[in-house]
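Please walk through the packing of this protein, beginning with a single side chain and its surroundings and then moving to a pair of helices.

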Amino acid sequence: MLLIILFVCATAGSVEIPKQIHVLFRHGERSPTSIFPNDPHKNYKWEGGLGHLTNRGKLQMYTLGQNIKEQYNAIIPKYYWPVDVNFTSSYLDRCLMSAELVGAGMFPPQGEQIWNLDLLWQPIPIHYLPRNLDNLLVMKNNCTEYDKQFFEIQNSSKVKQYNRDYHALYAYLTKHTGKVIENIEAVESLYNTLEIYQMNNMSLPYWVNDTLMDEMRIIGAQNLAIYSETDYMKKMKGGFFIKTILNLMEATLTGSKEVPSINTYAGHDLTIVHVMRALGLVNTLKPEFGASLIFELYEDGKIEVFYWDSWKGGIHRQVLPNCKSPCKINEFLKEYKKILPVNWAEECNVASAT
């Protein structure tokens with residue numbers, strides 16, 4: 001009887017451990033990618049130039065790696081071994097560096113893997129494709145039908161309504177920046193620059209206040225959303241990423257292919273938005289630096305999805321609207337079929353695609 005009681009208690013207290021994880025994260029804090037004519041900081045010399053990780057961004061990514069290791073300590077091995085881990089990145093330097101730093105946080109060399117006592121770091125290969133061939137992370141591989149639909153969205157009643165609603169704001173920003181601001185994409189670009197100034201305790205122009213920043217952030221999220229406005233657009237962007245990791249999960253469960261248990265993907269804010277909108281998890285979202293979307297696969301085929309607000313954590317379980325918990329992979333494939341491409345290249349070039 002005592003043995004039975006101990007067994008029941010042990011079973012009740014056990015924690016289910018994922019068999020495999022896929023971690024899609026936004027790169028760390030970067031310097032601005034653009035400035036404007038009346039920019040009070042336009043002559044500021046950013047280390048590495050425009051669009052590169054700041055020192056704080058580097059620390060964020062290293063810390064993110066440590067946080068991932070702590071969260072998934074049960075399946076992340078003590079020692080780095082290529083068969084267990086795969087790092088994939090967008091082609092941009094800030095993403096490649098972010099992947100390297102996350103790897104450094106996850107796998108500091110230990111024991112026999114220490115090759116330099118003065119440098120507790122080890123090289124980990126990062127895989128990536130050139131910009132024009134990548135439809136996984138930067139998602140800039142040519143897709144004719146997608147481009148056609150995106151052009152139609154840019155000229156849709158929804159976007160025209162945005163432009164009417166924000167006409168006065170466009171005029172205000174144009175006057176003060178010295179740059180023509182005439183659409184929500186330009187507003188987001190300006191917001192991104194001003195936000196980085198805020199993060200670095202650099203003074204904002206006199207014509208900027210918290211209310212304006214809040215409004216521009218909302219508009220920025222709206223701009224990111226229009227890149228996946230239709231079901232077809234969701235399929236060819238976020239859907240391709242989802243299909244890719246589902247294929248890897250299936251291979252793991254069937255044993256048809258050796259797939260690492262730890263898979264990380266260094267992408268962009270738009271990458272995360274594409275994937276979350278394809279899953280029906282958000283309408284609009286402006287991900288923070290280091291924000292992460294995590295897919296967990298379990299031995300029984302169950303899939304769990306979590307969103308981390310930033311590199312610091314802030315973990316939120318995501319309830320998949322099309323696949324109620326517990327969501328098994330077969331059900332996932334069935335319920336999300338309409339946003340999972342079968343042949344991405346063919347579906348990109350079929351005039352009748354919908």
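**Core and helix packing**

Once neighbours within four places in sequence are set aside, Leu279 is in contact (heavy atoms within 4.5 Å) with Ile242, Phe295, Leu320, Pro321, Phe332 and Tyr336. This is a predicted model, in which local features need pLDDT of at least 70 and side-chain atom pairs count only at pLDDT 80 or more, whereas totals for chains, interfaces and linings use all residues. Residues are numbered from 1 along each chain as its sequence is written, and side-chain values use heavy atoms, with hydrogens and water left out.

Leu279 also belongs to the largest nonpolar core, which has 75 residues, and is among the members that touch the most others, together with Leu173, Phe241, Ile242, Phe295, Leu320 and Phe332. Such a core is a set of buried Ala, Val, Leu, Ile, Met, Phe, Trp, Tyr and Cys residues joined through side-chain atoms within 4.5 Å, where buried means under 20% relative accessible area (1.4 Å probe, protein chains only). A second, separate core of 25 residues includes Ile75, Val85, Val102 and Ile126.

Helix α10 (residues 238–254) and helix α11 (residues 269–278) have axes that come within 7 Å and cross at roughly 80°, which makes α10 roughly perpendicular to α11 (a class running from 65 to 115 degrees). On the α10 side the contact is made by Gly238, Gly239, Phe241 and Ile242, and on the α11 side by His274, Val275 and Ala278. The buried residues of α10 include Gly238, Gly239, Phe241 and Ile242, and after this helix comes Gly255, whose phi is positive, near 75°.

How values were computed. Buried means under 20% relative accessible area, exposed over 50%, partly exposed in between (1.4 Å probe, protein chains only). Axes are lines fitted to C-alpha atoms, for helices over the stretch in contact, and angles run from 0 to 180 degrees between N-to-C directions. Helices (H or I, at least four residues) and strands (E, at least two) are DSSP runs, numbered from the N terminus. Angles under 35 degrees count as roughly parallel, over 145 as roughly antiparallel, 65 to 115 as roughly perpendicular and the rest as oblique.
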